[in-house]
Each structure stands twice: as structure tokens, then as C-alpha cells.
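Dear colleague,

Please find below the structure that I am handing over to you. My findings follow directly after it.

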Amino acid sequence: MQKQRFVFWTLAPAFTILAILALVSVAGALYFSVMDRSLRYPDYDFVGLYNYQRLLGDRRFLNALKISAIWEVVTVAGSLLVAMFLSVYIFENTRSARARNLICLAFLAPVLLPRVAAAFIWRFLYSPSLGLINYIAGLFGFGPIEFLANPKLALFSVAVVDIWQWGLFFTVIMLKLLETLPKDPIEAAQLDNAKTWEIHAYVTMPMLKAPIISLALVKAVESLRSFDLIFVMTGGGPGTATETLDLYAYQAGINLGGRVSYASAMSILLLLITTVVFTLVWRGIRKWSA
Amino acid sequence: MVSLIRRTFSRGFLALMILIALLPIVWTILGSFKKLKDIVTPVPTLIFTPTLENFATILKNPSIRDGLGNSVVVVGVSVLLGALFGIPAAYSLARHVEKKKDDLQFFVLSLRFMPPVAIAIPFIIIYLDSGIYDTLTGLILVYLISTISTVIWLSVPAFERVPKEIEEAAAMEGCSQAEIFLKFALPIAAPSLFGSLVFTFVLVWNELLLALTLAAENSTLPVVAASITSLGKEVPWGVINASTVILVLPPLVFIGLLMSFINRMVATGRK
């Protein structure tokens, strides 16, 4: 009896707050998405699915959808590949625990930076006239490169910053995971004269399948919220070359006349995409790890 | 001979990786102590007379000072509330909930993964209508979604690692549930719990979108920093670097702590 009361009073407050806030945002977004509310005029009417219908014919929205998809693939795959390669490389090429710890500390620093700070740091580095990167490129005879102003380069230049933060962070986690793996299968493979890369491709990485998939999930969802980085580095530009869904939703809802209903419809779609991806992968993880 | 070359190469490669990880940050810190004329040079300068001018400019600027103060209050209070509500909930979830545990954890995790835009847009209308737009209370309230769910998410495993025997022994001695939680489980799990709070702190300290959308005058440091770029016609790189350093300091202080936290999570996550 006393135990039940304890459980109730520990769980109820936290979950009540969470449930109310979640309900407010989801139900709120749903409600406003079928209205024609704007921030300028407080009066509004019911318009049904009109906002959704308009979204599907909105070139800028379809472009944002495409940019978001490219951004997801590049940053998720980039971070994971960097992490797999570097963690194996460090695992094989360092012996002392101190050296490894030093590397890990250095690799953790970027991800701890606020995204806004990381964005500033790299805008400074990328600057065509006074940036360090263009200075180094100049030493090798490459003219100043407009990393952020060239529509073809901008998205990838921002993605590099994201991979700099998350790829190095995942490297630390993967290195720690490699250290916890049992030694026997690796030694058995060594006895069979397997090459180092073969051991990692066929023995260690498959053993780490479940954690790698969870990292991919974390990164996939985290990449969907790269607003801070892109907002400060390019503001979605040049043109709409780096405008992802959350940037466009922000622009539409706040700046372009405060079309909050239109932005609500967009965020509902974004929420749907996130939920579907998230649920599928969550089920997958539980199936694999069970 | 071959192994010597290989070793030199791998050392060089690893050193280069560390350089790539740290140089951008170090360069920014150096830049924050430079006068503008030492920044705007065709050849990057390593030797210069350091100046505190940039930091002085920043700390004299009222909007940055307010931003810093607002950040401390908003992040402090929301993490504190997150701990107050989240930690006991995580304990019960880890120890006493069996049937609905997966559902509750899924709910918590799905909140962690909600796109901030989807939260920001409905909340801005509700805040404007109810008059708490541009208040610290409004920001704290909306940050509770992140802080409570993150604290629960990271603290459940911390409590699961507390040896059950200790709690059972305490129960035999006649301790009440609350006593077992406060006197035994909490102290044993404390180091991991602290790690999860640090993680939550960094997360909210870095947040931009919600603060940008739900506040105007009373915003947090990231928002103020993001708006500095448009001061005057010449980009004040020195000042931007200095404000970056101020933004970066609190999270970087915790780097060692976060490291041991990761070690513990990974070590017990796989067996």
C-alpha cells in the first residue's frame, strides 16, 4: 500500500507535466494547421486541409524536403563512417591508455560546443578573405573558395561542421565499445590469418551492430534539428540552397508575415516523418537486441 | 624499418586528427584576444599583443549581459525542476514499474525526439494569447519537456545498476520506500545522476530555436550571440570570437565529467 503511494507520487507529477506539454504542442499544432491564423491578425477561420494542400504545391517546401533528405543522408552516413574508420584506426594504432584518453578528450570537445558557437567558429574559418582554411588552401595554390556563398558548396560545408562535431563524438563512443568487446573471437580470427581490416569488417563491426544502429537513430533524429547550425552559418541561403524543413517552417511562421497556420501544417508533417522513422527503428532495435 | 615508418605515419595522422578537433576552438580563443587589425590580415598572425578589449565590449553590452543572466536563470531553474521531477520518476520506473515500463520509456524517448519547430510554432501562439510570450517563465516551462525527459531517460539505467540486494536489506530493516530511495539508491547512483544532469544542462544551454521563437527582449545567450553579427557594417570578428568563448566555457568545463559518464554507460550497456 505504502509502496503504491510512493510509486504514484514519484511518477505522477513528472508524467503529468510531460503529458500536458506534449498534448499542448501536438494538439496545438494540429488545431492551428486547419485554421488560417497568422501572427498579424488574431482572427481566424477553419480552413480544413487547405494548408496541407497548398504545401504539396509549394516549390519552396518541396525544395526544403529535398535539402532535408540530402542533409540527413550526408550527416548520418558521414558521422558513422568517420566514427567507424577513426575508432578502428585509434584502436589498432594506440597502445597506451593515456594516449587514448587524450585523443578522446580532444574528440569530445567539439560536440560540447553550443551549435551557435560551432557555427561562429566555422564561419570564421571558412571566411574567404581572412579564414584559416582559405589561407591554407592558398598555400597550395587554390584561390579563395566561397564555402558558404556558393550554392553548390554551402550545404556540404555546413555538413562538415556537423560531422566534425558528431563524427568525432561517435568515434569516442565506438572506441569505448571496441574496448569492451570479448577478445576471443578476435584472437580466433587472428589465428586464421585474417587481415586487420577483415577482422573489423567481419568480426567486430557485426558484434557492434545494435549500438551502431542506435547511434544512427540518435543521429538521424538529431540531424532533423540542425536549425541552429544552419541558421547561423547560412540562414538557409544562398537563396534556398541550405533551407531545411525546420528553417522553412521557422521562416514561414515567424518572418514571412507570421503564417503560423502554414508553419503548423509543416511541423505536423515533420512530426509525422520523425515519428514514423523513430518508431520503425525503435522496433527494429528491440527486435535485434532481444 | 617499415614498422618505424608506419608508426611515425600513424602518430602523425592521429596528431592531425587532434589538430582538426581542437584547432578551430583554439583559433577562436586566440582570436578573442586579438585586436581587429590582427584578425584582418592576409597572413594569419600567431604573435600579437593580446587585448581584453573584446571581452570588455561584450561585458559592457547590456543585451549580452542580460542574455547571460537569462541563460543562467532559465537553464538553472529548468534543469533543477527536471531533476526534482525526473529523478524520482526514473527511480520508480527502474524499480517498481513492470507492465507499462516499455510504454512509458517510449513516451519519454519520443519527447526527446520531437522536432523543436513542432513545439515552437503552437507554443508561440499560445504564449502570445496568454501573455507569457517573452518571459523567462515561458521559456522554463517549454524547456521542461527536454529536461524532465532527458533526466528520466538517462537516470533509469543509473538506478538499474544499483545492487538490488542493498535495497532489499534496507527493506528488511523496515525502511520505508521513500527512505530506501533517499538514503540508499540516491547516494549510490549519485555520480551517474550527476552526469545525466550535466548532459541535460549542456543540451539546454545550447538551445537556440525555442529561445529565438518564444522570447524577444528577454532571450538567452545563444540568441543574443546569434544577433551580434549584424552590429555595424564591419563584421566585429574579435567581439564574435569573445562571445563564442563565453558561450563555450560552461559546457567545456564539464568535459572530464562527461567522459567518465560515457565510460560508465558504455561499460554497463554491453555485457
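Helix α1 (residues 2–33) of chain A and helix α4 (residues 62–95) of chain B pack at an angle of about 125°, and α1(A) and α4(B) are therefore oblique to each other (angles under 35 degrees count as roughly parallel, over 145 as roughly antiparallel, 65 to 115 as roughly perpendicular and the rest as oblique). Their axes, lines fitted to C-alpha atoms over the stretch in contact, are 8 Å apart. From α1(A), the contact (heavy atoms within 4.5 Å) involves A:F6, A:V7, A:T10, A:L11, A:P13, A:A14, A:F15 and A:I17; from α4(B), it involves B:F85, B:P88, B:A89, B:Y91, B:S92 and B:L93. Twelve of these residues are nonpolar, two are polar and none is charged.

This is a predicted model, in which local features need pLDDT of at least 70 and side-chain atom pairs count only at pLDDT 80 or more, while totals for chains, interfaces and linings use all residues. Residues are numbered from 1 along each chain as its sequence is written, chains are lettered from A in the order in which they are written, and side-chain values use heavy atoms, leaving out hydrogens and water.

The second largest pocket holds about 660 Å³ of space. Its lining has 21 residues, with A:Y89, A:E92, A:N93, B:R6 and B:S10 nearest the centre. A pocket here is an open set of points on a 1 Å grid where a 1.4 Å probe fits, with protein on both sides within 12 Å along at least five of seven lines; lining residues have an atom within 4 Å of a point. Eight lining residues come from α1(B), the largest contribution. By class, the lining has ten nonpolar, six polar and five charged residues.

Yours sincerely

Conventions: Grid points are joined across faces, edges and corners, and a volume is the space filled by probe spheres set on the points. Helices (H or I, at least four residues) and strands (E, at least two) are DSSP runs, numbered from the N terminus. Ala, Val, Leu, Ile, Met, Phe, Trp, Tyr, Cys and Pro count as nonpolar, Asp, Glu, Lys and Arg as charged, and the others, Gly among them, as polar. Axes are lines fitted to C-alpha atoms, for helices over the stretch in contact, and angles run from 0 to 180 degrees between N-to-C directions.
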